[in-house]
Amino acid sequence: MSTRIAYTLYSLARMIREDRYFAAGFITILVVIILSAAASIISPYDPYKIDLINKLRGPSPEHPMGTDQLGRDLFTRILYGGRYTLFLSASAVLLALVIGLLVGTLSGYYKGWLDLIVQRFVDILMSFPSIILAIALATMLGYGLETLVIAVAIAESPFLIRVVRAAVISIRDLPYIEAVRLMGYGDLYVILRHVIPNIMYVVIPQVTLQMGSAILIIAALGFLGIGIKPPTPEWGSMLNEARAYLMDYPHLLIFPGLMIFLSIVSFNIVGESLKMRLDPKARSLIGSRSRLVWGLYRGGRRGLDERNTSY
Amino acid sequence: MSAILAIESLSIAYQTEKGLLRAVDNVDLRIEDREIVCLVGESGSGKTTVANTILRILPPNAIILDGRVLFEGVDLLNMEEEDMSKIRGRKINIVPQNPSTALNPILNIETQFCEFLKHKKGIRERDRCREIAIDLLGRVGIADPERVLKLYPHQLSGGMKQRVLIAIAISTSPRLLVADEPTSMLDATIQSQILDLLLDINRREGLSMLLITHDLGVAMSACNRIYVMYAGEIVESGSTERVISKPLHPYTIALIDNAFLSFKSQGIKRAVSGEPPNLIDLPSGCRFSSRCPMAFDKCVKERPNLVQRGIDSVRCFLYHDASA
């Protein structure tokens, strides 16, 4: 086990050294996560402390990103906001991964009428843009951190279900899987020990790519006032608060916007790099040069790529 | 001599959208103790279906129309799945066609070896399993078994993977080894090595072998007896020497011409041209008649029977008079 972890770390180090796009994205993500996690150590300010005397200041040595309309330090709020945005997105993607693995493997492994019914249901979910689906679900389920995570997870899950299902179908009849099945091992053993480990090469990049879109949805919900509500510092809701000051104090929008942009692009580039690295078939689809373009493009047009890859 | 395996009038069809595809039609085949028998034929002739029937791993759309598969005198086709799983992988083992999809790419050789041994022989201790694996890998000609056990499938060449799979296959001391085109995915030099290994194992372990191949060269160097299959039927059988030196059926003659281009026999210049018949809509006459250079009127109208002469048999009207 420890050799496996060591090998993973070694491959990671090698990828960082060999692939500058991956390195840039990976390090950006790492820095954002560390800064958010260590927010209380890095910043001396309280993200909720109102200081009306110093409101709407531009960037200065005391306030690197300036202050907002209530005099709160923007940099501090962005650091604390990262906790909400990233943690909620990660939770949603994790939940979507569980749904995707569960439904996708069952659907792909057993095929037949179960697969047919499940896939038509997935078709319905996929026919809505995920953000609309998330808005509808979040409104329906009511306000709360858990319901927000569930809504985003459900909106994200159809893509994972499809990818997992396609991968399972492609390997379920291979001799090494069939041999284990014929030995008389149970389906659960075959799936957990032989099927799922062998499809991780498509699941890992897909999950990373879903992270980017989950961040976008969480931030959008925050901006629309359906997700995290002010005064909680979440990047999307910070944008919402700052909307009124767009013309006079653009730094209030630029900094949270920049954070959303940077983290989404980083996750997308890391996802595309992992895909190229882990899935030999994907290599011919995306040239290494155009990955940056893909990373940017994905933010708005997610789903397109998943539909083009194999079903 | 007692037959390890006797297939009697086996007929198998596949249910397809266009109708019943008769993949195997009235096939008889015997394998004696410690014998290597080859089943030769082009793709689609039903060789693999026969192999899958012996192991009872036919796809769900296959229908067994008729016949028995007697293994040590017991009919495998009437057996409960529970009893079958005690024979499959223990007394009858398979050497797969494509060694690279037969091993799980993310588990090392030792893990896969032990998974098999644990299930088939109840060996749970890792050290004991490793011992057995090292011994077996040595027996299939792997020079440094201890290192190979730690490797993953992608770190092994095709020939090495096939050796590992043969080692796994002989780990349960089976009575019969079914090798479905064991060398067709390997390159020529490795092919002969693997073939030699299989012959060696046949001699040392005292097991019988059904070797399925499309390559007469392979059949010639390995087998005691040859069965030639065409479009689901056995068209000729006999000792290897007799089939190679004095082939009877025009199809066998053409195959041999194909395999040894310098060998010109009985005036047939061109190798087998044309296509085998559609197995869903079979012709009423001999199945080879459309491609046969020696076909005459009767061949198109009637189906020839398999004519037995000692251990030789042939399904062709050219030889019907002689037997009558």
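A crossing of two helices is left-handed if the near helix is turned anticlockwise from the far one by less than a right angle, and right-handed if clockwise. The legends below refer to a predicted model.

**Figure 1. Helices α9(A) and α10(A) pass each other in a right-handed crossing.** The axes of α9(A) and of helix α10 (residues 235-242) of chain A come within 6 Å and cross at roughly 35°. From α9(A), the residues A:I218, A:A219, A:A220, A:L221, A:G222 and A:F223 take part. They meet A:W235, A:G236, A:S237, A:L239 and A:N240 of α10(A). By class, this contact of α9(A) with α10(A) comprises 7 nonpolar and 4 polar residues, with no charged ones.

**Figure 2. Chain A is built from 13 helices and 0 strands.** Along the sequence, chain A reads α-α-α-α-α-α-α-α-α-α-α-α-α. Of the 311 residues in chain A, 41% are buried. When contacts in chain A between residues at least 6 apart in sequence are considered, 67% of them join residues at least 24 apart.

**Figure 3. Chain A touches chain B through a contact that takes 10 residues from chain A and 12 residues from chain B.** On the side of chain A that touches chain B, α8 (175-182) and α9 (187-224) of chain A each supply at least two residues. The most is given by α8(A), with 4 residues. This side of chain A has 7 nonpolar and 3 polar residues, and no charged residues.

**Figure 4. An open sheet of 8 strands in chain B shows mixed pairing.** The strand order is β6-β7-β8-β3-β9-β10-β12-β11 (chain B). At the edges stand β6 (92-95) and β11 (307-309) of chain B, each pairing on one side only. Neighbouring strands of this sheet are turned by 20° against each other on average, direction ignored. At one end of the order, β11(B) pairs with strand β12 (residues 312-314) of chain B in the antiparallel sense over 3 bridges. Within this pair, B:V307 stands opposite B:V314 in β12(B). Helix α6 (residues 158-170) of chain B packs on the sheet and touches β6 and β7 (176-180) of chain B. The direction of α6(B) makes about 180° with that of β6(B).

**Figure 5. Helix α6(B) is largely enclosed by the rest of the structure, because 11 of its 13 residues are buried.** The buried residues of α6(B) are B:G159, B:M160, B:K161, B:Q162, B:R163, B:V164, B:L165, B:I166, B:A167, B:I168 and B:A169. Their cover includes β6, α3 (109-121), α4 (126-139), β7 and α7 (188-205) of chain B. From its first C-alpha to its last, α6(B) reaches 18 Å, close to the 18 Å expected at 1.5 Å a residue.

Figure 6. Strand β1 (residues 3-16) of chain B pairs with β2(B) in the antiparallel sense over 10 bridges. In this pair, B:I7 stands opposite B:L29 in β2(B).

Notes: Residues are numbered from 1 along each chain as its sequence is written. Chains are lettered from A and ligands numbered from 1 in the order in which they are written. This is a predicted model: local features need pLDDT of at least 70, side-chain atom pairs count only at pLDDT 80 or more; totals for chains, interfaces and linings use all residues. Two residues are in contact if their C-beta atoms, placed from the backbone, lie within 7 Å. Ala, Val, Leu, Ile, Met, Phe, Trp, Tyr, Cys and Pro count as nonpolar, Asp, Glu, Lys and Arg as charged, and the others, Gly among them, as polar. Axes are lines fitted to C-alpha atoms, for helices over the stretch in contact, and angles run from 0 to 180 degrees between N-to-C directions. Two strands pair if DSSP finds at least two bridges between them. A residue is buried if 20 or more other C-beta atoms lie within 10 Å of its own, exposed if 12 or fewer, and partly exposed in between; C-beta atoms are placed from the backbone. The expected span of a helix is 1.5 Å times one less than its number of residues.
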